[in-house]
Structure formats: structure tokens, C-alpha cells
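Please read it with the structure open.

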Number of protein chains: 2
Amino acid sequence: MSPPAVVLVGTRLPANLGSVARVMANFGLRDLRLVDPACAPDDPGARAVATHGETVLAAARTYPDLAAALRDRTRVWATTALARDLPLPVVHPRPAAAEARALAGAAFLFGPERTGLVAADLARADVLVHIPTDPAARALNLAQAVAVMAWEWSAAPWTPPVAPEPAPRAEVDGLVDHLVAAALRRGHYSEPRLRVRAVRNLRSAVQRAGFTRAEVRTLRGLVRVLDTVPPEPDRCD
Amino acid sequence: MSPPAVVLVGTRLPANLGSVARVMANFGLRDLRLVDPACAPDDPGARAVATHGETVLAAARTYPDLAAALRDRTRVWATTALARDLPLPVVHPRPAAAEARALAGAAFLFGPERTGLVAADLARADVLVHIPTDPAARALNLAQAVAVMAWEWSAAPWTPPVAPEPAPRAEVDGLVDHLVAAALRRGHYSEPRLRVRAVRNLRSAVQRAGFTRAEVRTLRGLVRVLDTVPPEPDRCD
């Protein structure tokens, strides 16, 4: 059983980075991934508060974009303070943690301090996690949000997986990209503004299906077959 | 249903004070009590990180000692990283939060950053709470420990109380003090070094009994009766 990765997008404050690393270590999480951070993991301000989390901080990897950070992940929970107009289920941290406990490739995703995750990033998740807070004081500090998820994960009883583990993100992305490329070649998605949204919805739908690696391979094979020019039909008359 | 008080003993760092206030507000806790703090709640370093928790910080009260901070509390959970040689039950945060949810006079107690609570402070609690952490990274940041307890309280289902609410601490303390004073007048506890430990154990035992206000009154009446010089018996012969 492998602990979830914590993926931070656009983190601004070094102290938050250090506090995240510390509380991850407290609760047995080790895999910290940074996308487009405004400060480096070896920032002195991060290291000053990382007590016990120095090794997590030192091992943190930085990625050019979210897709790259999620390549080997099989199921992604994104934290969000707001209800979004996205075709994604929204769950409480407790069932999210219980499900993550049963997987080898889970990721918990957190946005920038001020703004949270944008729709394009949320669309890379399978499930949104909403941490309920007082309406008069909604915004959680980033490290506190990580604390809640890490704590819930560590406190969750291990339960055997109820479904086969989905394919890693890179393979799901490959299927989506393959589908989109084939469609573009046929003049589909020709309106660029609509294309972004349509591709995002397609990605959500394919992700949500939870295809296994074998199923993704099967489907890519089908797309490959369909993406050929059909032979002229035999003339019978 | 009234949220628990958060009682911080000997807090050193202003940033922790501010972060505690913020996460309390996030999860609906409002009653912050400080015992012997090394920094004031209006320290700029506390206010700088108190986002949403400014009112909690502004309303925080400072007490000369722990007994004074707990006078109106009916049940006290003290967080501790270490197993202690104390006659107190040790529970996981989840059942602690569920029980606190059903009470009007709960308090969660947290010690100084470096050292945690000393035995004399722990003896003022009814129950110890241990937040399980990775053995390689045991020490939680103070605000993260408060975050776990506040989150667990907010996420706990409300359950009706299973036993009558115990008397407030001031009344339990009054009973213990009364008993000890009466015993001292009779030459009991004459060895000062043993007295401290004996009184602490007595306090733990009486606290743990969970006497209601009416029961405490009954018992004090009995102590008052016993604490008089008995009249000479009637001479019958």
C-alpha cells in the first residue's frame, strides 16, 4: 500500500511548502510534487519550518505542468473550496481518504493559496474533495488543507479495493489525445473556443470511466483502426 | 451545542497563535484560551497569519494558570505525543471528537511547542488524546495538532450524550480542595514531596468519576459533615 502523492499547483509561500512537507511526514506521506511553484523546495523559508519534513522537501520534484505531475497516478482527488460547474462528483474527505487508502496510485491535488485550482486543472481530477468549513471563514490555509487530507488518509481503515485499479494517467491521456487528434484530422472541433471545453469534458468522461490498463489498450487499438481511411468497398455489381 | 474551547499552554510562537485562530474559525471553534503565553494574541506575527481568525484572536482570553482556564469546562481532553505514566485513558481523536460533540463544556488542551504538556497539566484532563503520527516524524506543529482536533470535531456526527454532563471543573476542584484541606488539618499528606503526587492522583480519580453538579454538592456536604469534631458520645453507662 503506497501513500498518495501530494501535488501542489502554483504554491506561492515558502512557509506553506515547508509546513506541507512537515505534516506529510507526520502522517506518512513522502511523495511531494510541485507544478509551477513560485518558490523552490530548498527555499530557506520552507526549510525553516519543515521539521521532520526535510527529506520530503529534498525529494520533492518539480513538473512543467499538471499532466506531467500526474503521469503515473491512477486516481486523482482535487481539493476545492467552491462548487464548480464540472461533471465531477464532489465528496467529503473521509470517503476520499478511505478510497485512496486502497490504491497504489492516488494523488491529492491542491491549488494556489489565493485562487485555488482553475477549471483546466480540476478537469484532470477524477473526484473533487470539499473540506467543509464555516461559511464565515471558508478559506483554509494550504498546509492545513493538506493536513486534513493527510490526517484522514492516515486515520482511514485500509479496505480492499472494490474495483480494479484504473490505468495510470499517462495512458488515459494518451487515449484522449489519440481520440482528439483523430477527430481534428477529420475537421471536428474546428471552433477553437469550443474545442477547449469539449476536450476538457471528453477528458473528464474518459477519466471517470476508470478504465484499466488493458481496457485503455483495447480502446486505443479501436481508435487506431477507426483512424484509417476505410478501403474501397468491393464492387459486387 | 457549544463548540469546545481550545486551551493553549505556554505557546511561544506568534505565527502558531495566528494559525490556530485561523483554523479554529475554519472549523467553527471560537473560544481560544491562553495560559502563560510567551506572546500576546495581538502580536503582529499572530495577526498576519490569522486570516478569518482575527475575531477569535481578538476575543482570546489569557489566564494565570490552567485551573482558571478550565473553571467552566465539564470535560477536558489533553493532547500528548507520548504515553505518560498517568491514570488516564488515552483515546484516538475520532472518539474524542464524537464525545466532545455531545457536550456543552468541552475543552481541548495543547502544550508548549517544544515540550508538550507537563504531568501537572495533564492531570487536569479527563482523557489524553494521542494523534497517531509516523514514528520517524512524530512531532506535529501546534497549529496542525489543533487543526486535526478542530477538523475531527467539525466532521463528527452529533450524538446525544450517553451520560449526564459532569460538573464544571471549578466545582470538581472545590471538592478536591475541600477534601485535601480537611485531610491536611488532620495531619494527612504530611510529607510534602508525596503530597503533590497524592493530590494529583486524587484529582484524577475525582475528575474521572464524572460527578454531576448535584453529586458534587452531595459529596461536599458529606465532607463538611466529616470535617467537624465529632461530639462526645453519650455516656450510657
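B:Arg33 counts as buried, because its relative accessibility is 2%; buried stands for under 20% relative accessible area, exposed for over 50% and partly exposed for in between, with a 1.4 Å probe and protein chains only. The model is predicted, so local features need pLDDT of at least 70 and side-chain atom pairs count only at pLDDT 80 or more, while totals for chains, interfaces and linings use all residues. Residues are numbered from 1 along each chain as its sequence is written, chains are lettered from A and ligands numbered from 1 in the order in which they are written, and side-chain values use heavy atoms, with hydrogens and water left out.

**Salt bridges**

B:Arg33 forms a salt bridge with B:Asp72, with 2.8 Å between the closest N and O atoms. The term stands for a side-chain nitrogen of Lys or Arg within 4 Å of a carboxyl oxygen of Asp or Glu. B:Arg33 is in strand β2 (residues 32-35) of chain B and B:Asp72 in the loop between α4 (66-69) and β4 (75-79) of chain B, so the pair ties together parts 39 residues apart in sequence. Helices (H or I, at least four residues) and strands (E, at least two) are DSSP runs, numbered from the N terminus. B:Asp72 counts as partly exposed, at 39% relative accessibility.

A second pair in chain B is B:Arg169 with B:Asp126. B:Arg169 lies in helix α8 (residues 169-185) of chain B and B:Asp126 in the loop between α6 (119-122) and β7 (127-129) of chain B, so this pair ties together parts that are 43 residues apart in sequence. Both B:Arg169 and B:Asp126 are buried.

In chain A, A:Glu171 pairs with A:Arg213. This links distant parts of the chain, 42 residues apart: A:Glu171 is in helix α8 of chain A and A:Arg213 in helix α10 (residues 213-226) of chain A. A:Glu171 is partly exposed at 22% relative accessibility, and A:Arg213 is partly exposed at 45%.

The search of the whole structure finds 28 salt bridges over all chains.

| Residue | Partner | Distance |
|---|---|---|
| B:Arg33 | B:Asp72 | 2.8 Å |
| B:Arg169 | B:Asp126 | 2.8 Å |
| A:Glu171 | A:Arg213 | 2.6 Å |
| A:Arg30 | B:Asp134 | 3.8 Å |

A network of salt bridges links A:Asp31, A:Arg33, A:Arg61, A:Asp72 and A:Arg73. A:Arg73 sits in the loop between α4 (66-69) and β4 (75-79) of chain A and is buried, at 6% relative accessibility. Its side chain joins that of A:Asp72 in a polar contact of 3.2 Å. A polar contact is a pair of N or O atoms within 3.5 Å; within protein, one must be able to donate a hydrogen and the other to accept it, and residues adjacent in sequence count only if both atoms are side-chain atoms. Not counting residues up to four places away in sequence, A:Arg73 touches residues including A:Asp31, A:Arg33 and A:Arg169, contact meaning heavy atoms within 4.5 Å.

**Chain A and helix α9**

Chain A has 10 helices and 7 strands. Its C-alpha trace spans about 80 × 40 × 35 Å along its principal axes. Of the 237 residues in chain A, 49% are buried.

Helix α9 (residues 192-209) of chain A has 18 residues. Its buried residues are A:Val199, A:Arg203, A:Ser204, A:Val206 and A:Gln207, and what covers them includes α8 (169-185) of chain A. At the start of α9(A), a side-chain oxygen of A:Glu191 comes within 3.2 Å of the backbone nitrogen of A:Arg193. Just after α9(A), A:Gly210 has a positive phi of about 65 degrees.

**The contact between the chains**

The contact takes 29 residues from chain B and 29 residues from chain A. About 2200 Å² is buried between them, 51% of it from carbon and sulfur atoms; buried area is the accessible area (1.4 Å probe) that two parts lose on being put together, summed over both. Across this interface there are 4 salt bridges. There are also 18 residue pairs in polar contact, both residues at pLDDT 80 or more. On the side of chain B that touches chain A, the elements giving two or more residues are α1 (14-26), α5 (93-101) and α7 (142-155) of chain B. Among these, α7(B) gives the most, with 7 residues.

How values were computed
Expected span 1.5 Å × (residues − 1).
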